[in-house]
Amino acid sequence: MISDGMAEVLRLLQRDEGFDAAADVAVLAAVTLGVSGLTVSLATGGDRAELMWCTDEAAGSFEDLQFTLGEGPGPEAVRGDAMVLVPDLALVRPERWPALRVEAAGLAARAVFCFPMGIGAIRVGVLTLVRRTAGPLTDGQVGDAQVLAHALAGRALGSVVPGPNGAAPADSADALLHAVVHQATGMVSVQLDVSLPQALLRLRAYAYSSGRPLTDVSRDVVARRLRLDLNGNGDGNPLPVSDKD
Amino acid sequence: MAREQQLTKVFVEVADSLIDDFDLIDFLQRLSERCVELLDVAACGVLLADEHDVLQVLAASDENTRLLELFALQYDQGPCVECYRSGRPRTNIDLADPNVSQAWPEFTPAALQSGFLSTNAIPMRLRGRVIGALGLFQTRGNTLSDADTALAQALADVATIAILQQRTLAHSETERGQLQYALTSRIVLEQVKGILAERWQVTPDQAFAAFRAYARSHHHQLSHLARLIADGEFDTEQIPRSPRHR
């Protein structure tokens, strides 16, 4: 169950115009999660990450450090597709992150919790919570953080494209429960020779511009009744099967 | 084979799987197939709740997209959702019953259209908490006895243990982490079905059959191999394509 505080954060996130104007939302999220600060890094291809949210210097420095060093709970969460919870950095085996251990000693970060943002093999980035004091998150806070990471991933992948006149987006939140959407994402990535996140964005953009639900568009792609072209348009006609290679 | 023999076989399989590094999705799929044999049902699916308390399909006895979609329809209605919320099994639900179609107006016709006459849902429980449900469908209108229901519950408990036992490449230090990793693995698998289907110009179902056959015969974990393919780190030309491929 999501806490009332996190429900409010998600509401603000929906209403917000862009990542840049979201600083207040980030601070509210940190308060709700009971931590001193948080960062959101977006993967921008390769291992480089772009800092999109950063509530304070301590959290930002920690995030910079672990991505510069290439080790730490954040990179580990991204590589492993699983959250990494470190209630007390002082108790981590020294050999786990040897460089980080030395470099982070001067930072006001005692507990760190990292939540990967992504959809299947699509890795969008990572949400990192930093606390000055040691101690675990509560089960409710872990749940809240997961929901936030999921919402931020969806946002980065264009799931909250506002409809015309502020209407609801063309696809509902449950679209990602459908196997067919993920299958279509894989197919489009091969057809257009783009990454999986790019492919999902193209599908969403097409669904949005044609005013049809994402699941319907995906079904057409999987049944090969629709093929997106490089501009993200579909001609609505079945294509002659092209002989690749 | 007598039921006792079948059961013994299942539990030996389970013990074997859980000792070694095992692939969760593949394991749950085999378990679903065993459910079909042991319980005399036509189809079985394993559904797990995500962080939004929404049920997602992790594995099904028959990996065809149509069946997966039928389970996916149960995100907000259907016997599995009710079972997940109440924590109690719901058995022998007659899909032709007007009360049933009224209660679940989207799910019921879709299930009937797939040829199912009745359905059952068994909770997956973890120390008093419900984490998902086992969905069972029948095509002949036969019923589950009390003994069948008890056996189904035992199999649901095995599925729960398996989810929490998976040793992932990552350090999943918490139960929530384990559940999330399982759900992510499932999505990667669907994305890879699409990638292979397009590369080979076959349906996703055919692509999956070839992919699974290759993974099993080469002792690759399905989830791990799927991740490698999605990341472009595995040459898929090594996989023999489905026999139906021209």
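Colleague: How many residues does the contact take from chain A and from chain B?

Modeller: In this predicted model, chain A gives 42 residues to the contact and chain B gives 39 residues. The area buried between the two chains is about 3,600 Å², and carbon and sulfur atoms give 54% of that area. On the side of chain A, Leu177(A), Gln183(A) and Arg224(A) lose the most area to chain B, together 17% of what that side buries.

Colleague: And how many salt bridges does the rule find across the interface of chain A and chain B?

Modeller: A salt bridge pairs a side-chain nitrogen of Lys or Arg with a carboxyl oxygen of Asp or Glu within 4 Å. Here the rule finds four across the interface. One of them joins Arg123(A) to Asp231(B), with the closest N and O atoms 3.2 Å apart. There are also nine residue pairs in polar contact across the interface.

Colleague: Which element gives the most to the side of chain A that touches chain B?

Modeller: That is α7(A), with nine residues. Other elements giving two or more residues to that side include α4, β5 and α9 of chain A.

Colleague: Let's look at β5(A). Which strands do bridges join to it?

Modeller: Strand β1 of chain A, residues 37-43, runs antiparallel to β5(A), joined by six bridges; there, Gly37(A) has Val130(A) as its bridge partner. Strand β4 of chain A, residues 111-119, is also antiparallel to β5(A), with nine bridges, and Phe113(A) stands opposite Leu129(A). β4(A) and β5(A) form a hairpin with two residues between them, and Gly120(A) in the turn has a positive phi of about 60°.

Colleague: Is β5(A) buried or exposed?

Modeller: A residue counts as buried when its relative accessible area is under 20%. Nine of the 10 residues of β5(A) are buried, so the strand is largely enclosed by the rest of the structure.

Colleague: Now a helix: what should α8(B) span?

Modeller: At 1.5 Å a residue, the 26 residues of α8(B), residues 175-200, should span 38 Å, and the end C-alpha atoms are 38 Å apart, which agrees. As 24 of those 26 residues are buried, α8(B) is largely enclosed too. The helix is followed by Gln201(B), whose phi is positive, near 55°.

Definitions and conventions. Residues are numbered from 1 along each chain as its sequence is written. Chains are lettered from A and ligands numbered from 1 in the order in which they are written. This is a predicted model: local features need pLDDT of at least 70, side-chain atom pairs count only at pLDDT 80 or more; totals for chains, interfaces and linings use all residues. Side-chain values use heavy atoms; hydrogens and water are left out. Helices (H or I, at least four residues) and strands (E, at least two) are DSSP runs, numbered from the N terminus. The expected span of a helix is 1.5 Å times one less than its number of residues. Buried means under 20% relative accessible area, exposed over 50%, partly exposed in between (1.4 Å probe, protein chains only). Two strands pair if DSSP finds at least two bridges between them. Contact means heavy atoms within 4.5 Å. Buried area is the accessible area (1.4 Å probe) that two parts lose on being put together, summed over both. A polar contact is a pair of N or O atoms within 3.5 Å; within protein, one must be able to donate a hydrogen and the other to accept it, and residues adjacent in sequence count only if both atoms are side-chain atoms.
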